[in-house]
Amino acid sequence: MDFFQHFLSDLLIFANENFLLSVFITSLIIFTYSVSSIPGIGFLIALSGYLYGSFIGYIISIISVTLGSFIFFLFSSFFLNYLFPKYYKKISNKIHNYISNSTFEYLIIFRMIPGPPLMLQNTILSLLNISSYKFIFSTIIGFTPITLVTVFIGNKLNDIKSLENLSLKGILTWDFLILLLFIILLLIARIKFKKTLIKK
């Protein structure tokens, strides 16, 4: 464990002395993780909060995760459409018809739901006929709550052992879950309101 603490200390020194380079490397690593959508992204987001503080850590994380997820979305959409064109169009059209009146709200709610792995989320979104604009901005808005909480926790941690012990339960406190539920309910109310207006 002493090795990890020394490693973290050296990492902090490097980040302080080579700020722009370390930000670039951190962003690149989070981006790469997001493109491949492999597990471990929460640890990296917490580490960015530890190294750079809550605000800069959030900016680095949300931009890197969003861009990485967007690249995954583009490639996944292309290959699914290429390999299974008939099924892809059928499923895409069916989902699009259901959510077409409130696509943005549905996408934000989907991104806010904690638990589903990033790969699963991005793959499901690849089945939807949505614009790049909607994907990017719904990802930024939807991922913001849990990203803010994670970088904040990372900023408050004292050593690498605490980072290693970081779990979903440590992030998903009751206060956070209640706030998340409140935001989701507001979005659902907006969806219902828009449907009511369309029926009229």
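At what angle do helix H6 and helix H7 pack, and how far apart are their axes?

1. A word on the model first. This is a predicted model, with local features needing pLDDT of at least 70 and side-chain atom pairs counting only at pLDDT 80 or more, while totals for chains, interfaces and linings use all residues. Residues are numbered from 1 along each chain as its sequence is written, and side-chain values use heavy atoms, leaving out hydrogens and water.

2. Overall make-up. The protein chain has eleven helices and zero strands, where helices (H or I, at least four residues) and strands (E, at least two) are DSSP runs numbered from the N terminus. Of its 200 residues, 38% count as buried, meaning under 20% relative accessible area with a 1.4 Å probe and protein chains only; exposed is over 50%, and partly exposed is in between. Among contacts with a separation of 6 or more, 79% come from residues 24 or more positions apart; contact here is heavy atoms within 4.5 Å.

3. H6 against H7. Back to the opening question: helix H6 (residues 103–112) and helix H7 (residues 118–125) pack at about 165 degrees, with their axes 11 Å apart. That makes H6 roughly antiparallel to H7. For the cut-offs, under 35 degrees is roughly parallel, over 145 roughly antiparallel, 65 to 115 roughly perpendicular, and the rest oblique. Axes are lines fitted to C-alpha atoms, for helices over the stretch in contact, with angles from 0 to 180 degrees between N-to-C directions. On the H6 side, Leu107, Phe110 and Arg111 meet Leu118, Gln121, Asn122, Ile124 and Leu125 of H7. By class, that contact has five nonpolar, two polar and one charged residues. The classes are Ala, Val, Leu, Ile, Met, Phe, Trp, Tyr, Cys and Pro as nonpolar, Asp, Glu, Lys and Arg as charged, and the others, Gly among them, as polar.

4. H4 against H7. Helix H4 (residues 54–83) also meets H7: the axes come within 8 Å and cross at roughly 50 degrees. H4 and H7 are therefore oblique to each other. From H4, Ser69, Phe72, Phe73, Ser76 and Leu80 touch Leu118, Met119, Asn122, Thr123 and Leu125 in H7. The tally for this contact is six nonpolar, four polar and no charged residues.

5. H3 against H8. Which residues of H3 meet H8? They are Gly42, Ile45, Ala46, Ser48, Gly49 and Tyr50, and their partners in H8 are Thr147, Thr150, Val151, Gly154 and Asn155. The axes of helix H3 (residues 41–52) and H8 come within 6 Å and cross at roughly 55 degrees, so H3 and H8 are oblique.

6. Ser138. Is Ser138 buried or exposed? Ser138 sits in helix H8 (residues 132–156) and counts as buried because its relative accessibility is 1%. A polar atom of the Ser138 side chain lies 3.1 Å from the backbone oxygen of Phe135. Leaving out residues up to four places away in sequence, Ser138 touches Phe104, Leu107, Ile108 and Arg111.

7. Tyr87. This one is in helix H5 (residues 85–99) and, at 56% relative accessibility, counts as exposed. Tyr87 and Leu127 are 40 residues apart in sequence and 9.8 Å apart in space, C-alpha to C-alpha.

How values were computed:
Polar contact = N/O pair within 3.5 Å; in protein donor to acceptor, adjacent residues only side chain to side chain.
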